[in-house]
Amino acid sequence: MRMLLLSVVALSLSGAESRVSTAPEPVHYTLAPVLSGGALTALRVQVRFRVDPSGVSDFEWANGWAGERRLWQWERDFAVAGATAVEKKGDGHWQMKAAPGTELTVSYRILSAYDNDPTVEDSDQPRPVIRPRWFYGVGDALFGYPNGRENAPATFDWLGAPGIGFASDLEHLAGQRRRATRPGTVADALESVVIGGRDLRTFPALDGSGVRVATVGRYVFTPEQLDGLARRVINVERTFWKSDQHAPFLVTAAPIVGSPTATSFGGTGRGDAFALWIDQRTPLDRMKWLLAHEYFHTWNPVLLGATSEDQAARPADYWFSEGITDYYARVLMVRAGLISPTEFAAQWNEMLAGYAGSPVRTMTGARAAAAFWNDEMAQKLPYQRGAMLAAMWNARLLGGSRGATSLDTVLHAQIASARASKMSATSLFRALAADRGLNIAPDETRYLVKGEPIVLPADTFGQCATVVTEQRPSFSRGFDAEATAGAGNVATGVDRRLPAFAAGLRDGMKILARTEGEPDNALIPYALLVEDNGKQRTIRYLPQGHESVTVQQLRIDAPNARGCPRTLSGLAKSRAE
């Protein structure tokens with residue numbers, strides 16, 4: 001979430017008189033599809049605004065988002081109407097001159113970052129996708145803006161074409177023939193998501209929740225199933241935060257083409273929306289955690305304190321914004337009965353196994369933050385570390401207060417305190433935890449700064465579960481997964497000393513699908529459907545590497561106990577249990 005900058009516009013009056021307006025001049029955005037032979041080829045953007053009182057306005061893109069620094073790179077055919085002079089000052093930066101108060105209209109096209117449907121190997125959050133039948137984009141990459149107007153009012157209109165559907169949280173802003181459902185600024189336009197196309201499915205907020213769902217593409221579940229699940233998850237989290245149950249919100253889903261050797265699903269919060277990228281093989285049950293995680297970002301960190309304006313500095317705090325969000329994505333789902341205790345344990349065990357086998361598990365905080373956008377393993381660390389620490393800290397709060405205080409207590413106090421505080425979200429969390437008897441500084445130094453491995457106490461999740469520590473073989477697919485994906489899923493780097501080779505896998509075989517197995521679990525058989533000399537066959541083996549690793553796992557001792565979901569979710573056992 002970007003910090004909003006106050007802008008003041010000076011208006012010229014008659015003679016030498018002038019005054020300062022308390023209401024900045026609005027900025028008007030329009031978006032339209034560009035078609036050729038019925039196929040989508042680009043998106044057309046227009047931005048209308050009045051030139052600054054100085055007679056000079058700069059127009060540019062934001063400095064960066066989600067690891068992408070060149071957000072302007074997909075713009076083409078930049079033009080300005082109404083200016084007496086336009087000068088390009090650098091990549092994604094123009095300077096315009098006109099008489100003070102003159103209305104300028106900037107127009108350009110946005111091209112697709114892909115010439116193929118995005119896959120699990122190349123999907124990237126900031127990159128616009130414009131395919132012949134559908135499109136997806138985020139405001140950061142779509143919209144430039146007049147410099148200094150981030151806090152100016154903004155309006156938006158979609159100039160559609162027959163048969164092309166459209167959905168966006170920009171529709172919450174006012175338009176020429178549409179009333180606003182909430183006030184909107186240029187910053188809101190930048191932090192938006194758009195999706196549409198010929199096969200767009202939309203589900204309006206007929207239940208009074210304000211929630212809309214929009215999907216393109218096909219998945220193993222139906223759009224109706226995703227719509228129903230999203231509404232249940234959102235209701236659970238709004239209840240937790242005691243927030244507006246009718247606020248406008250949009251959930252979008254775009255497809256990612258799967259790979260035989262990798263699966264992927266993810267998303268990002270967009271203020272009053274979140275955008276999902278879903279591997280088309282992902283089952284609906286896997287969506288529970290993703291929906292819960294992304295919607296929790298509505299509060300964490302944006303309403304829990306300030307975040308750094310320096311994009312490069314933000315990953316250092318992702319243990320809070322991502323890791324604690326990960327923790328609550330699981331505990332709120334089991335607390336509400338959307339997942340069972342067994343499912344809760346399975347989610348934790350997958351993460352714990354990945355952490356145990358991570359080659360960067362002991363990476364220092366500084367190195368992990370620097371590598372976040374370039375190293376997949378480093379990218380997982382703040383999620384893993386933050387979630388594990390949240391579970392530990394919650395157990396300490398419960399133990400120290402005899403069940404009266406939990407992590408919920410700290411976060412509810414934080415959202416109230418943040419309204420009047422300029423402290424960062426992490427600093428405010430640290431202070432409020434200390435007020436309740438929890439000093440997190442030693443843990444920050446050991447685990448987040450120095451990178452020492454985190455070991456969960458056996459009783460972290462209460463009386464119906466035990467965290468056990470065991471030795472198991474390291475996980476290995478038996479081949480170089482990255483090189484194999486780069487070779488078009490042709491097996492590459494098969495290790496002759498591992499079970500995959502013994503089972504018959506050889507370099508040069510085409511991997512068609514993984515039919516059995518779990519990531520990072522060396523104890524469950526792995527099965528690959530391959531094409532070998534024109535014939536298909538299945539190769540089945542244990543995905544075990546050369547070494548052994550120490551792995552922690554969550555064992556549910558009493559899954560049917562009445563209070564189990566409550567204690568797993570970080571609450572004290574009730575007196576009636």
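Start by selecting lysine 242, which counts as exposed at 68% relative accessibility (exposed means over 50% relative accessible area, buried under 20%, and partly exposed in between, with a 1.4 Å probe and protein chains only). Lysine 242 sits in the loop between α3 and β18; helices (H or I, at least four residues) and strands (E, at least two) are DSSP runs, numbered from the N terminus. Check its backbone too: phi of lysine 242 is near 55°, a positive value in a residue other than glycine.

A word on the model before moving on. It is predicted: local features need pLDDT of at least 70, side-chain atom pairs count only at pLDDT 80 or more, and totals for chains, interfaces and linings use all residues. Residues are numbered from 1 along each chain as its sequence is written, and side-chain values use heavy atoms, with hydrogens and water left out.

**Next selection: helix α3**

Select residues 223–241, the helix that lysine 242 follows. How far apart are the end C-alpha atoms of helix α3? They are 27 Å apart, in agreement with the 27 Å that its 19 residues should span at 1.5 Å a residue (the expected span is 1.5 Å times one less than the number of residues).

Zoom in on β19 and its partner β20 (residues 273–279), which pair in the antiparallel sense over 5 bridges. Pick phenylalanine 265 and you will find isoleucine 278 of β20 opposite.

**A cis peptide bond**

Move along to asparagine 300 and proline 301, joined by a cis peptide bond with omega of about 5°. Proline 301 lies in the loop between α4 (284–296) and α5 (318–335).

**Strand β9 and its two partners**

Jump back to residues 103–110, strand β9. Because 6 of its 8 residues are buried, β9 is largely enclosed by the rest of the structure. Strand β4 (residues 39–50) runs antiparallel to β9, with 8 bridges between them, while β6 joins β9 through 5 bridges, also antiparallel.

Which residue in β9 is the bridge partner of glutamine 46? Select serine 107; serine 107 is also the bridge partner of alanine 79.

Stay in β6 (residues 75–81) and click aspartate 77. Aspartate 77 has a positive phi of about 60° although it is not a glycine, and it is partly exposed, with a relative accessible area of 48%.

**Last stop: the whole chain**

Zoom out to see 14 helices and 25 strands in the protein chain. Along its principal axes the C-alpha trace spans about 80 × 65 × 45 Å. Buried residues make up 51% of the 577 residues.

Definitions and conventions. Two strands pair if DSSP finds at least two bridges between them.
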